[in-house]
Amino acid sequence: MFCDIHSHVIWGIDDGARSFDVTKALIRECVDDGIDTIITSPHVTPGKAEFKDDVYLEHLEQTREWIESEGIGLKLYTGAEILYTSQTERFIQERRVRDMAGSPCMLVEFMPDNSLHRITEAMRQIGNAGYTPIIAHVERYDCLNKIDRILELKDEFNCLIQVNAHTVTRRQGFFRRRFIEKLFKEGVVDFVATDTHDMPDRHPNMTQAYATLKELVGQEYADELMFENQRRLLLGE
Ligand SMILES: [Fe+2]
């Protein structure tokens with residue numbers, strides 16, 4: 001029932017799964033966690049590391065075949081998580097970056113210490129290229145530690161906001177916890193996603209995050225965060 005829009009389950013292309021066996025194990029965990037749809041989002045880092053698109057598509061196809069042969073009820077889509085570098089604008093203009101499952105959305109991440117000016121410029125450039133930016137794990141950026149700044153970006157650029165499921169469930173200090181809760185209570189967030197890697201704190205935990213969010217903001221918004229907004233994205237709404 002959950003749709004995960006941020007996942008590094010496909011092996012051999014980034015710091016996510018390291019082998020096909022790890023991909024298989026992570027996918028079984030995703031399904032056990034109630035995920036039935038994944039937009040795979042390998043790291044694309046323009047100008048830093050070459051992205052092997054052919055390897056990605058080949059591994060994705062092998063994974064789909066395995067899923068079908070095992071009778072697993074899971075849909076996989078293509079996508080990417082694009083790091084905003086000095087070369088990203090050129091990549092976007094040359095249409096060298098992948099959208100999300102054919103929708104006009106683009107999952108974009110920044111370095112944690114990037115400035116508000118840089119993030120604002122990125123939103124402008126991505127929007128001008130005809131995409132709707134989705135800011136990946138918004139909780140990670142120093143300059144976006146104030147709700148008003150995120151709301152201003154949303155107002156000006158119609159960008160969407162993703163928070164990691166682990167951020168919802170992890171134990172954290174009082175002020176950090178209060179900030180994260182405020183993000184949800186004020187309706188700033190559009191998507192919760194796993195950012196699955198084969199790392200101890202990056203395994204899928206949508207079920208737990210969903211329970212926490214239902215308690216925090218109620219069923220209706222929790223549904224939007226975990227699968228309704230994702231469904232709209234896939235339908236191109
Ligand atoms: Fe990621």
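Trainee: Which residues does Val108 touch, leaving out residues up to four places away in sequence?

Mentor: Good place to start, and keep in mind that this is a predicted model. Val108 touches Ile82, Tyr84, Ala122, Ile126, Pro133, Ile134, Ile135 and Ala136, with residues up to four places away in sequence left out.

Trainee: How should I read a list like that?

Mentor: Begin with the general idea: in soluble globular proteins, nonpolar side chains tend to be buried together. Now the case here. The largest nonpolar core has 62 residues, and Val108 is among the members that touch the most others, along with Met106, Leu107, Ile134 and Val192. Helix H9, residues 219-235, gives this core its largest share, 5 residues.

Trainee: Now the helices. At what angle do the axes of H4 and H5 cross?

Mentor: Helix H4 covers residues 116-128 and helix H5 covers residues 147-157; their axes come within 10 Å and cross at roughly 20 degrees. Angles under 35 degrees count as roughly parallel, and therefore H4 and H5 are roughly parallel to each other. Their crossing is right-handed.

Trainee: Which residues of H4 and H5 meet?

Mentor: From H4 you can pick out Leu116, Thr120, Met123, Arg124 and Gly127, which meet Arg149, Leu153 and Phe157 of H5. Sorted by class, the residues of this contact of H4 with H5 are 4 nonpolar, 2 polar and 2 charged.

Trainee: Met123 is in that list. Is Met123 buried or exposed?

Mentor: To judge this, count C-beta atoms: a residue is buried if 20 or more others lie within 10 Å. Met123, which sits in helix H4, has 21 other C-beta atoms within 10 Å, so Met123 is buried. Leaving out residues up to four places away in sequence, Met123 touches Pro133, Leu153, Phe157 and Cys159.

Trainee: What about H7 and H8: at what angle do they pack?

Mentor: Helix H7 (residues 174-185) packs on helix H8 (residues 206-217) at an angle of about 70 degrees, and their axes are 10 Å apart. That makes H7 roughly perpendicular to H8. Glu181, Phe184 and Lys185 of H7 make the contact with Leu213, Leu216 and Val217 of H8. By class, this contact of H7 with H8 has 4 nonpolar, no polar and 2 charged residues.

Trainee: How do I read a phi angle?

Mentor: The general idea is that most residues other than glycine have a negative phi. In this structure, Ala101 has a positive phi of about 55 degrees, although it is not a glycine. Asn158 also has a positive phi, near 55 degrees.

Trainee: Where are Ala101 and Asn158 found?

Mentor: Ala101 lies in the loop between helix H3 (88-93) and strand S6 (105-109). Asn158 is in the loop between H5 and strand S8 (160-164). Ala101 counts as buried, with 21 C-beta neighbours inside 10 Å, whereas Asn158 is exposed, with 11 other C-beta atoms within 10 Å.

Trainee: And Glu94, is that residue buried or exposed?

Mentor: Glu94 is exposed: 9 other C-beta atoms lie within 10 Å. Look for Glu94 in the loop between H3 and S6. Then find Ala129, which is 35 residues from Glu94 along the chain; the C-alpha atoms of Glu94 and Ala129 are separated by 9.9 Å.

How values were computed. Residues numbered from 1 in each chain as written. Predicted model: local features only at pLDDT ≥ 70, side-chain atom pairs only at ≥ 80, totals over all residues. Core = buried A, V, L, I, M, F, W, Y, C linked by C-beta atoms within 7 Å. Buried ≥ 20, exposed ≤ 12 C-beta atoms within 10 Å, placed from the backbone. Helix = DSSP H or I, 4+ residues; strand = E, 2+ residues; numbered from the N terminus. Contact = placed C-beta atoms within 7 Å. Axes fitted to C-alpha atoms, helices over the stretch in contact; angles between N-to-C directions. Parallel < 35°, antiparallel > 145°, perpendicular 65-115°, else oblique. Left-handed = near helix turned anticlockwise from the far one by under 90°. Nonpolar A, V, L, I, M, F, W, Y, C, P; charged D, E, K, R; others polar.
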